[in-house]
Amino acid sequence: QDEQSSTFVTSFVDLPRNASASSTSPIAPISLDGSSDRFLGNFSTQGNRFDVGVDLYSAPEFEGGLIVFGEDVALKIGGYVKADFIHDFDPIDATDSFVTTSIPVGAPHRTNTRFHARQTRLSFDTRWAAEDRVIQIFVEGDFFSVGNEFRLRHAYGEVGSLIVGRTWTTFTDVSAAPATLDFEGSVSAVNRRQAQARWTQPILNDELTVAIAVENPEFIVETPTGIVGDERTPSPDFVTRLRRMPVVTGFGWGVNCTGVLLLRDDLKFYSQIVFGEGIGSYRGLPDAAPSGLERSERLPMFGWMVGTTHDWTETLSSNFTYAENRLENTAFQAPDAVHRTTYLAANLMWTPLHRVTVGVEYLYGIRQNLDREAAAAHRLQASFIFDLP
């Protein structure tokens with residue numbers, strides 16, 4: 001049994017960008033002294049900031065801290081150490097991140113305590129001048145893998161309107177991602193990173209852009225009982241995005257609409273609605289499932305999220321997120337197939353020293369299966385974050 005999929009996406013978001021500046025000159029000896037201004041450009045790493053709350057998604061800013069300079073090249077080393085202290089009051093199989101689909105339904109009561117530092121991150125942002133352009137290579141990894149091995153998160157090159165490599169799918173809007181201490185995040189959030197080639201072009205002015213991307217396809221199939229086969233993806237995912245301050249996505253088709261609203265300089269409201277058919281793999285869920293003894297069909301999915309992030313003082317911030325996600329299952333799926341998940345997160349973060357953050361977060365989730373049996377889980381998480389300069 002073979003299943004194949006292509007995905008088309010459209011998004012809308014408008015974010016502040018810096019003007020590009022560059023110069024050309026012979027390569028000079030590397031030093032630690034210099035100015036990063038000439039290496040600033042219209043890069044994707046700079047387009048997701050609203051400066052409200054703690055940002056654990058965007059790349060480090062290319063200024064200050066540990067930057068190695070040459071006359072025509074500069075390397076910024078970034079990242080952070082993040083230690084998490086987690087206690088579960090109810091059964092959940094995912095002990096390091098709050099994956100609500102891993103809540104076992106009907107399991108006997110148990111608790112669990114887990115300490116780890118797997119979200120610790122290291123990045124290398126290299127930029128150099130070539131003729132009238134600034135070129136960027138960005139590589140980032142963390143240790144959120146089996147055996148705490150270093151794993152690849154981002155690896156791409158960007159010049160002008162073109163970005164090639166592995167990074168956030170064009171189907172997502174990182175500016176609307178919730179500021180949670182939990183690594184998993186909202187059940188409706190599209191947080192996949194994959195290899196792609198993307199072209200971004202301004203329309204009328206720099207505040208309105210359209211992006212067209214060809215991305216690595218990923219398709220999860222639940223095969224009918226007794227049918228053996230391999231999943232195939234003979235065509236890539238095709239994604240388009242219109243960006244101005246919401247996001248819309250969309251054959252397995254999908255639409256992902258996100259919005260971010262600055263109610264005040266210290267208060268951000270964000271929201272999301274995502275729906276489509278055959279897009280469950282963007283959330284680790286099946287794209288297709290059995291609809292008969294020898295056939296499968298794409299599963300419709302609908303999810304939504306609302307949240308707010310508030311800076312109470314210069315050192316104290318908080319975030320609240322609520323989200324739901326639902327699959328329209330087929331009658332041929334197993335009774336314990338995931339039907340609906342709920343995610344709630346509320347936290348308080350304190351920055352007592354520059355680049356040192358301490359936070360505590362309450363998490364609550366529900367998993368409901370196709371047979372309508374359900375289970376809930378409560379978690380308390382404390383985190384200590386040390387950012388590289």
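Student: Let's start with one residue. Is F144 buried or exposed?
Tutor: Keep in mind that this is a predicted model, where local features need pLDDT of at least 70, side-chain atom pairs count only at pLDDT 80 or more, and totals for chains, interfaces and linings use all residues. Residues are numbered from 1 along each chain as its sequence is written, while side-chain values use heavy atoms, with hydrogens and water left out. Buried means under 20% relative accessible area, exposed over 50%, and partly exposed in between (1.4 Å probe, protein chains only). F144 has a relative accessible area of 12%, so it is buried.

Student: Which residue has its charged end over the ring of F144?
Tutor: A charge sits over a ring if NZ of Lys or CZ of Arg is within 6 Å of the ring centre and within 35 degrees of the ring normal. For F144, the charged end is 4.5 Å from the ring centre, and it belongs to R118.

Student: The rings of F144 and F183 pair up too. Why is that pair called stacked?
Tutor: Rings of Phe, Tyr and Trp (its six-membered ring) pair if their centres lie within 6.5 Å; planes under 30 degrees apart count as stacked, over 60 as edge-to-face and the rest as tilted. The centres of F144 and F183 are 4.0 Å apart. Their planes meet at an angle that makes the pair stacked, because that angle is 10°.

Student: How many residues apart in sequence are the parts that F144 and F183 tie together?
Tutor: Strands are DSSP runs of E (at least two residues) and helices runs of H or I (at least four), numbered from the N terminus. F144 is in the loop between β5 (133-142) and β6 (151-159), and F183 in the loop between β7 (162-168) and β8 (193-203). So the pair ties together parts that are 39 residues apart.

Student: What kind of pair do F85 and F115 form?
Tutor: F85 comes from strand β2 (residues 73-88) and F115 from strand β3 (residues 112-116), so their pair links parts 30 residues apart in sequence. Their centres are 4.6 Å apart and there is 70° between the planes, which makes the pair edge-to-face.

Student: Which side chain makes a polar contact with the side chain of Y80?
Tutor: Y80 is in strand β2, and it is buried at 7% relative accessibility. A polar contact is a pair of N or O atoms within 3.5 Å; within protein, one must be able to donate a hydrogen and the other to accept it, and residues adjacent in sequence count only if both atoms are side-chain atoms. At 3.2 Å, the partner of Y80 is Q119.
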